Amino acid sequence: MRSARVWGLMPAWVLMLGTLMVPLLIVAAVSVAERGSYGGFAWDFNPLSYREILFSEDWDGNLVFDPKYLSIIGRTLLLAGATTLICMALALPVAYVIATRPPKTKALLIYLVTLPFWVSMIVRVYAWLIILGNEGFVGRFWHWIGGEGTLLFTPGAMLVGMVYSYIPLMVLPVFAAIEKLDPALLEAGADLYGSRWTTARRVILPLTWPGLAAGAVLVFVPALGTVLEPMLLGGGKQMMMGTLIQTQFGGARNWPFGAAVALVLMAMVVIVLVINARRSMSREVRV
Amino acid sequence: MTRGKAVEVFNVSKRFGDYQALDHVDFTIHENEFFTLLGPSGCGKTTLLRMIAGFETPSEGGIVLFGQEIDQLPAHKRRVNTVFQSYALFPHMTLAQNIAFGLENLGWDKPRREARVAEMLELVHMTPFASRRPDQLSGGQRQRIALARALAPEPKVLLLDEPLSALDLKLRQAMRDELRELQRKTGITFIFVTHDQEEALDMSDRICVLGQGRVQQIGTPAEIYEEPENRFVADFIGETNFLDAEVISIDGARARIRTPLGLEFDAAQKGLTSPGPATLSLRPEKIGLQEQATGNVLTGTIRSRNYMGGYTHFVVETGGASLRVSRRNAVSQAESYAVGQEVQLGFRDESVRVLAQ
């Protein structure tokens, strides 16, 4: 029996080890390796890459604290956080409206929410380049109301693109949470003299909180590592962690440093996931 | 005794697409009354209750609450509260918070709120559970909290949507008494929706029998049971035997009847204007067997026997008609009648209701 269980799980173990753990260990190994003379890396133990995140060497070879990468990390956190909050605020009413439609309309609307996933992400982000561009309708509107310059290649443009890209990941879990609500609870809210707003705040919101938390993780985690939006909509002017890693492996050919930044990013994701897991566990105990 | 009008339902109709849920329903509910809307599922009773609560709007007609037209009033501004079939307690709040919810929305200050919550918990004997959450309660306890929550804001009318249907039999019996008691104590008008005729007969001051979206009859439990006005009511409330008969003559509320069984007698009637074919309703417990056979006496043969504990139900065939007869088992181990046995059966004239066909 016991051996059957072990052998039965073998495919899963092979998959986990071969496709997840081994590459991860390679990245970890690379992050402490020596930078290769012609790009790539050489097998020499050297944890300098991590030091490089916080310090740089000046002309005399002294270590100087340099916040340029910290500010990239900070900007990444800020943008991913803002994306998550905006997605929450927008997804709640959308999910509520969808969840309260008749079954057929509901299925259609949910289908429409997932529709963007059918098109390549690059194509969709390019579409925003056109929409926000000077000839696009948002760009034209911007000039019509007296705005100057271009909307593109700004943090705002990045934010718009990120919210657009990730909001379905928020709408779906929030929708699932609202749909599970007994409609009688909303009627009870109204019956007990709660206005729409009171019922939304005191009944719907607390009961959809698990859905919002799940959506927040689904949005925040990929938003941390986003590459496309900063590159296309941000014009590559402002580095984010995703673009930083990409340039280290690509243009700068500094694999060990790219790997080090990638592991820092992963550490941040793990922290978010752990916090969320602890929250949801304590919630289960309480409710 | 004159009582004020609590709820007036004026000629209310409701259509859902092609489906006519309510068809020109019109009645008045008095203050301090335990009023029951009784009918089979799909008769429109819940729709009517939801209209009074403000969750549905009438397609036609209007509803007046204590003299005030409420058709334009949203649910959260109506001074009525509902006990929901599923209780709909807020799962993320404690019981005390559940009860206080309506009071907070009404703007009661904290001391007054806390006093009222304590009073309500006391009323439904749930004081020790104040800080529990709904999922830590049994069905009967949830029921009590739902009642306390709905009564706390001192509603003018309490609406109860089949509140006992989720409870098991024993608890249901006990809750009936509690509900009746609560209604007397609080003096609030209760509108109770149920499909269970026994519940309705047991608790109500008056019952409105709804069928196919129409009011079939309104009256006290005894009136509804003993003097059904049509076949629907006679059939839905309790058990009865329907017999075809011929009305020979009518004299006000009395009619001269001739039955195919060969009997001729006078019986109470309502709604008939001219002689002709009619239906008789005769309740099984109003037919006596053997030594209890009095009044119009016939001879028949027992076709089946079902022992039910307190009662034994017989089917007796007489003159081509099958009559259901129920006999109280008044004495333990009493000798019963065997299938195939020939028996005398009899009923009195006043036990028979004449109904239009």
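This is a predicted model: local features need pLDDT of at least 70, side-chain atom pairs count only at pLDDT 80 or more; totals for chains, interfaces and linings use all residues.
Q: How many residues of domain 1 of chain B are in contact with domain 2 of chain B?

A: Start with the idea: two residues are in contact if their C-beta atoms, placed from the backbone, lie within 7 Å. Here five residues of domain 1 of chain B touch six residues of domain 2 of chain B. The domain 1 side divides into three charged residues, one polar and one nonpolar. Residues are numbered from 1 along each chain as its sequence is written, while chains are lettered from A and ligands numbered from 1 in the order in which they are written.

Q: Where do the two domains of chain B run?

A: Domain bounds come from an automatic or database assignment. In chain B, domain 1 spans 5-231 and domain 2 spans 239-355, with their C-alpha centres 38 Å apart. The unreviewed UniProt entry places "domain: ABC transporter" at residues 7-237 of chain B. Such positions follow the numbering used here, with feature names shortened, and annotations may be inferred rather than shown by experiment. Residues 7-237 of chain B are 36% helix and 27% strand.

Q: Which elements of chain B give two or more residues to the side that touches chain A?

A: Elements are DSSP runs numbered from the N terminus: helices (H or I) have at least four residues, strands (E) at least two. The contact takes 16 residues from chain A and 17 from chain B. On the chain B side, strand E6 (80-83) and helix H2 (95-105) each meet the two-or-more mark. H2(B) gives the most, three residues. That side of chain B has nine nonpolar residues, seven polar and one charged.

Q: Is helix H1 of chain B mostly covered or mostly open, and how many of its residues are buried?

A: Buried means 20 or more other C-beta atoms within 10 Å of a residue's own, exposed means 12 or fewer, and partly exposed is in between, with C-beta atoms placed from the backbone. H1(B), residues 45-53, is mostly covered, with eight of nine residues buried. Among them are B:Lys45, B:Thr46 and B:Leu49. Just past the helix, B:Gly54 has a positive phi of about 105°.

Q: Why does A:Arg202 count as partly exposed?

A: Because A:Arg202 has 19 C-beta neighbours inside 10 Å. A:Arg202 sits in helix H10 (residues 196-224) of chain A. Across chain A, 30% of the 287 residues count as buried.

Q: Where does H4(A) bend?

A: The bend at a residue is the angle between axes fitted to the seven residues ending there and the seven starting there. For H4(A), that comes to about 30° at A:Ala91, with A:Pro93 following within four residues. The helix, residues 68-99, reaches 45 Å end to end by C-alpha, close to the expected 46 Å. That expectation is 1.5 Å times one less than the number of residues.

Q: What covers the buried residues of H4(A)?

A: The cover includes H3 (48-54), H5 (103-114), H8 (155-180), H10 and H12 (241-249) of chain A. The buried residues of H4(A) include A:Thr76, A:Cys87 and A:Ala91.

Terms used
Ala, Val, Leu, Ile, Met, Phe, Trp, Tyr, Cys and Pro count as nonpolar, Asp, Glu, Lys and Arg as charged, and the others, Gly among them, as polar.
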